[in-house]
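Morning, everyone. Please bring the structure up on your screens, and I'll take you through some helix packing.

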Amino acid sequence: MIRTVRTEEIIKNIKEMCIEANHVLSKDMEEVFFKSLEQEKSDLGRQILFQLKENLEIAGEDMIPICQDTGMAVIFIKIGQDVHIEGGNLTDAINQGVREGYIEGYLRKSVVEPVERINTKDNTPAVIHYEVVAGDQIDITVAPKGFGSENMSRVFMLKPADGIEGIKEAILTAVKDAGPNACPPMVVGVGIGGTFEKCTQMAKHALTRDLNEKPSVPYVRELESEMLEKVNKLGIGPGGLGGSVTALAVNIETYPTHIAGLPVAVNICCHVNRHAHRVI
């Protein structure tokens, strides 16, 4: 059976999700952040974390953005192959939802033409990643991405001989180079495999994974745990002012790659790691 979904419904949900993601921390992020208050050993680090906690509470209560950089809208959308979209073009509908969300939510419009730097004035176009899946539902994740952390992204085109140790070194290098610029404590998204563009997309998508969910592949689970421990031993700490909590999580996605390559991408997000998820 084909299920019909009107673009008006998509616009409404995208609009609401843009506002939600910029004002309220997701439940999984909230749990991990509050746990970090107990884990941080540095007095200054704890002071920074409590200031961030106060900021999160004010944002939620007064419905003001968690951060002044309300990001560029990144949309991951999985469309069931039994869904028929009516009422207009899907890409146009997604961008309209972003447009309405950023205007009605009084969110900062940060999107500009890349060379002439002319502001589009409504935070569109969004960056949209489509995937066609089985079923009759539409799965949407909206992830506004600020560029303090986005600018710290790295791609490493490793050789197969670099192996797992090369991957570990790449992740640590990216985090060390980012230092305080990614507004730690951070969430580190890693994509391993595929091609140049595939590993970067995986790294971005890894940031949206529920932090309570663990990878099914044993070596990926172990690598996440090991890298979180090693990142936190770097001592960058909350706000980059030193401490034992540099990262809240390391999330890794993998994909088969070519026999001659080992692409690795690292995409870092700040302590709020904004994202909202709905299924229509």
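This is a predicted model: local features need pLDDT of at least 70, side-chain atom pairs count only at pLDDT 80 or more; totals for chains, interfaces and linings use all residues.

Two packed helices are described by the angle between their axes and the distance between the axes. So, those values come up for each pair.

Start with H2, residues 27-39, and H3, residues 43-62. Their axes come within 9 Å and cross at roughly 155°. The angle is over 145°, so H2 and H3 are roughly antiparallel. The crossing of H2 past H3 is left-handed. Who makes the contact? From H2, look at Phe33, Phe34, Ser36, Leu37 and Glu38. From H3, it's Arg46, Leu49, Phe50, Leu52, Lys53 and Leu56. By class, that contact of H2 with H3 has seven nonpolar residues, one polar and three charged.

The structure has one aromatic pair. Phe33 and Phe34 form that pair, edge-to-face. The ring centres are 6.0 Å apart, with 70° between the planes. Buried or exposed? Phe33 is buried, at 1% relative accessible area. Phe34 is partly exposed, at 32%.

Now H6, residues 163-178, and H8, residues 218-232. The axes come within 11 Å and cross at roughly 40°. That angle makes H6 oblique to H8. H6 passes H8 in a right-handed crossing. On the H6 side, the contact uses Ile164, Ile167, Lys168, Ile171, Leu172 and Val175. H8 brings Leu223, Glu226, Met227, Lys230 and Val231. The contact of H6 with H8 counts eight nonpolar residues, three charged and no polar ones.

That's my part.

Note on methods: Residues are numbered from 1 along each chain as its sequence is written. Side-chain values use heavy atoms; hydrogens and water are left out. Axes are lines fitted to C-alpha atoms, for helices over the stretch in contact, and angles run from 0 to 180 degrees between N-to-C directions. Helices (H or I, at least four residues) and strands (E, at least two) are DSSP runs, numbered from the N terminus. Angles under 35 degrees count as roughly parallel, over 145 as roughly antiparallel, 65 to 115 as roughly perpendicular and the rest as oblique. A crossing is left-handed if the near helix is turned anticlockwise from the far one by less than a right angle, and right-handed if clockwise. Contact means heavy atoms within 4.5 Å. Ala, Val, Leu, Ile, Met, Phe, Trp, Tyr, Cys and Pro count as nonpolar, Asp, Glu, Lys and Arg as charged, and the others, Gly among them, as polar. Rings of Phe, Tyr and Trp (its six-membered ring) pair if their centres lie within 6.5 Å; planes under 30 degrees apart count as stacked, over 60 as edge-to-face and the rest as tilted. Buried means under 20% relative accessible area, exposed over 50%, partly exposed in between (1.4 Å probe, protein chains only).
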